[in-house]
Amino acid sequence: MRRISRITVAGAATASLALALSACGGTSTSSSSSESKGDKGLAIAYDVGGKGDQSFNDAAYAGLEQAKKEFGYETADVEPTEGETDADKEQRLASLAKQGYNPVIGVGYAYAAAVKGAAEKFPDTTFGIVDDATIEAKNVADLVFSEEQASYLAGVAAAKSTKTKTVGFVGGVDIPLIHKFQAGFEQGVKDTDAKVKVIPQYLTQTAEEGGFSSPDKGKSAAEGQIEKKADVIYAAAGLSGQGVIEAAAANKVWAIGVDSDQYQQEALAKYKDSILTSAMKDVAKAVYNLAKSVEDGKPATGIVKGDLKTGEVSLSNSNPKFADDAELQEAIETAKEKIISGEIKVKSS
């Protein structure tokens, strides 16, 4: 039964929906039927790019939708605003907690300071943060992933698929989190074929400059890499990755998606035949799991990590050309088994 206990325990992650908040950006509210009796559950606050990015934020929303459907309660999802401060973010999270939402999740490392502050003010509410492991609090779950492991497999796929012996990596913002994607990808490429060249490029130095939210920047970067003969490009750039995929499709080369299975994304349907695979991390599962832990009266706290072994990072198999390539699949499965066993240790920087 919900709300049996607010004590902190250990666990996992949660998902997204809609609300109306004062200040702090666009929001939407969604309430389930009267059966919820006004009970409020999971609320999420989006990272830059917001809902509709076909990637990171939309994955969190999927988790929220699952929780809403299963637990029959009111949920909320809130958009970020341009140029907002940590104080704005904290006010957003605190407002959700004050309204009775539990758990409350900040989607993205940029919420670290805000989650820390809001959690101190509302000790009986469970907070979660995706992609940050720095917060140590009795009521906070740090939902993180071994992105470098899925990226290694993406590197294997790229090295096996390139005909020009040149592949590209496009990172949204030059930060440690995205360095994990690059490090794993480059290691996977080189371990598979040392003759393959990797061209790395970052779109911006800070998120505020639009590295995760500018498809035009992604498209331009990909076009530059294609001019240098890259015929497989892996993008870890949020919404900007759509531009990479568009450029790949226009130039008849492969793109590798990120976070969600981008081959299945409706907004990218006209480009899907150019999406070889996607290096996925199951943000939806993490978000849902945190919501479930609260629902069960045993809220998860501390570092909750998803990796290849838990199944929370993986490569998608939606593209038949990728799934039906027996040699490629064998190489990926071998690499996966070696990572899980510890025979291959994937670098994270």
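**View 1. The surroundings of Phe127 in the predicted model.** Leaving aside its neighbours within four places in sequence, Phe127 is in contact (heavy atoms within 4.5 Å) with Leu93, Ala97, Val104, Val115, Ala118, Ala119, Phe122, Asn139, Val140, Ala141 and Leu290. Phe127 itself lies in strand S6, residues 127-130, where helices (H or I, at least four residues) and strands (E, at least two) are DSSP runs numbered from the N terminus. With a relative accessible area of 0%, Phe127 is buried, a word that means under 20% relative accessible area, as against over 50% for exposed and values in between for partly exposed, with a 1.4 Å probe and protein chains only. Leu290 stands 163 residues from Phe127 along the chain, yet the C-alpha atoms of the two are separated by 9.0 Å. This is a predicted model, in which local features need pLDDT of at least 70 and side-chain atom pairs count only at pLDDT 80 or more, while totals for chains, interfaces and linings use all residues. Residues are numbered from 1 along each chain as its sequence is written, and side-chain values use heavy atoms, with hydrogens and water left out.

**View 2. The packing of helices H2 and H3.** Two packed helices are described by the angle between their axes and the distance between the axes. Helix H2 (residues 86-98) packs against helix H3 (residues 112-121) at an angle of about 45°, and their axes are 8 Å apart. H2 and H3 are therefore oblique to each other, the name for angles that are neither under 35 degrees (roughly parallel), nor over 145 (roughly antiparallel), nor 65 to 115 (roughly perpendicular). Axes here are lines fitted to C-alpha atoms, for helices over the stretch in contact, and angles run from 0 to 180 degrees between N-to-C directions. On the H2 side the contact is made by Asp86, Lys89, Glu90, Leu93 and Ala94, and on the H3 side by Ala113, Ala114, Val115, Gly117, Ala118 and Lys121.

**View 3. Phe185 and the largest nonpolar core.** A nonpolar core is a set of buried Ala, Val, Leu, Ile, Met, Phe, Trp, Tyr and Cys residues joined through side-chain atoms within 4.5 Å. The largest has 66 residues, of which Leu42, Ile44, Ile178, Phe185 and Tyr234 touch the most other members. Helix H4 (residues 147-161) gives the most to this core, with eight residues. Leaving aside neighbours within four places in sequence, the residues in contact with Phe185 include Ser151, Tyr152, Ala154, Val167, Phe169 and Tyr234.
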